[in-house]
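Please read them with the model open.

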Amino acid sequence: MENYSIIIFILAIVIGLSAFAEKAKLPYPILLVIVGVAIGFIPTMTEIEINPEIIFLIFLPPLLYDASFNISPKDFKTNINTISTLAISLVFLTATGIAAAAYFMIPNMTWPLAFVLGAILSATDAVAAISITKGLNLSHKTLTILEGESLINDASALVAYRFAVAAVMGSTFIIWKATLEFVLLLGGGFLVGLVVAKILAIILKKVHKNTNVTISFMLLMPFVAYLIAENLHVSGVIAVVVLGLKIARLSNKIFPESLKNNSRNLWDIIIFLLNGLIFILIGLNFRYVLKNIDDEMILPYIGYAVIITIVALLIRMIRIFLQKVNLQKAFQNTKRKRKISEHALLDTKNSIILSWSGMRGIVSLAIAIGLPKVLENGEEFPQRNAIIFISVAVVLLTLIGQGLTLPWIVKKLNINNNSI
């Protein structure tokens with residue numbers, strides 16, 4: 001009962017702070033994280049233990065479904081080259097870069113453990129970036145790329161994490177097996193999403209005149225798709241994304257305007273509360289992560305987190321500007337069979353915004369806290385507390401550091417819908 005009271009208390013804080021942030025012209029995710037950290041240090045505050053499986057089930061399906069439902073399929077297809085680059089190749093590049101930095105920098109950090117840390121921090125959280133830049137008049141293209149990236153990169157990061165943890169546990173890493181499993185996970189998730197979307201489409205065509213039943217089905221099915229996919233050991237993330245994309249197309253054909261408005265209003269409230277809970281939980285958990293670290297190691301670990309944050313930002317920036325150059329070359333290449341659309345090109349301004357929007361969030365936090373406590377031989381998972389602390393520190397650094405400066409950068413570059 002006490003935990004339920006705390007959740008209600010947190011939700012009240014989320015609503016109140018969001019209203020204050022809007023009046024004060026502050027990014028509300030940053031304010032929620034900072035207040036979450038402060039609340040966590042109240043002596044009488046009960047620890048809220050984050051169960052990673054619950055986090056993935058409660059938060060991921062609705063957030064992914066909402067993003068995929070609202071993204072334009074046409075814009076998604078136009079920018080698929082950049083989206084796939086950020087969501088797949090950049091994830092693995094970032095994991096490798098962070099692993100290399102951790103291995104050479106942190107004492108007693110083996111390569112498998114370094115890759116675990118790299119995998120945890122490899123995926124960005126576009127929910128944070130989009131929440132922070134809301135109202136800053138980012139172009140539709142920039143928002144599409146950020147949202148598209150977040151729809152896929154969690155799946156890439158979870159695959160990288162799974163293989164890294166398996167390596168720590170003693171399994172041998174074989175590149176062709178890893179590649180095959182990645183393809184099967186994505187392909188299986190795609191099929192599950194497709195099948196669930198077909199079933200939901202049949203149901204919605206029969207009941208779409210009943211608003212309550214229709215909206216209830218649409219609320220339930222992301223969770224159903226995610227659970228089915230995960231139980232089949234394929235990507236629940238991709239299953240929910242495919243479901244959202246397919247149902248979005250169907251809704252444009254058969255849903256009356258009143259149903260769309262009712263559904264949109266309900267989803268807006270759900271996503272608002274979930275986002276608020278995410279940022280508060282990130283802040284709240286810092287105190288409980290901190291208590292497992294020796295006092296003399298706190299400053300060194302924070303220093304490592306700062307360097308890892310910079311490494312991840314540089315890798316992202318370099319990859320995005322390389323993508324900008326590659327798209328320009330492909331566009332100018334008249335011999336290509338598949339021409340690159342002019343609308344897919346990046347310029348310097350939106351490349352900077354995309355680079356600086358690489359904040360980490362709830363997925364990194366949940367993966368870190370979900371690290372196994374013991375190895376298969378019964379020994380304690382090596383460097384577990386250090387990996388969790390550094391991961392949470394990087395999440396906080398990116399959210400607060402990049403989050404506070406991102407609106408300023410956007411305004412400084414004078415980004416608006418006509419300029420990028």
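How many salt bridges does the count come to?

1. The model is a predicted one. By the distance rule applied here, the count comes to four salt bridges. The points below take up some of them.

2. Aspartate 66 and arginine 264 form a salt bridge through their side chains, at 2.8 Å from N to O. This pair joins distant parts of the chain: aspartate 66 lies in helix H3 (residues 52–70) and arginine 264 in helix H12 (residues 257–290), 198 residues apart.

3. On accessibility, the partners in that bridge fall in separate classes. Aspartate 66 counts as buried because its relative accessibility is 14%, under the 20% cut-off. Arginine 264, at 25%, counts as partly exposed.

4. Arginine 264 also meets the side chain of aspartate 268 in a salt bridge, with an N to O distance of 2.9 Å. Aspartate 268 and arginine 264 are four residues apart in helix H12, so about one helical turn separates them. Aspartate 268 has a relative accessible area of 39% and is therefore partly exposed.

5. Taken together, Asp66, Arg264 and Asp268 are linked in a network of salt bridges.

6. A further salt bridge brings together the side chains of arginine 316 and glutamate 149, at 2.8 Å from N to O. Here too distant parts of the chain are linked, with arginine 316 in helix H13 (residues 295–332) and glutamate 149 in helix H8 (residues 140–169), 167 residues apart.

7. Are arginine 316 and glutamate 149 buried or exposed? Both residues are buried.

Definitions and conventions
Residues numbered from 1 in each chain as written. Predicted model: local features only at pLDDT ≥ 70, side-chain atom pairs only at ≥ 80, totals over all residues. Heavy atoms only, no water. Helix = DSSP H or I, 4+ residues; strand = E, 2+ residues; numbered from the N terminus. Buried < 20%, exposed > 50% of the residue type's maximum accessible area, 1.4 Å probe, protein only.
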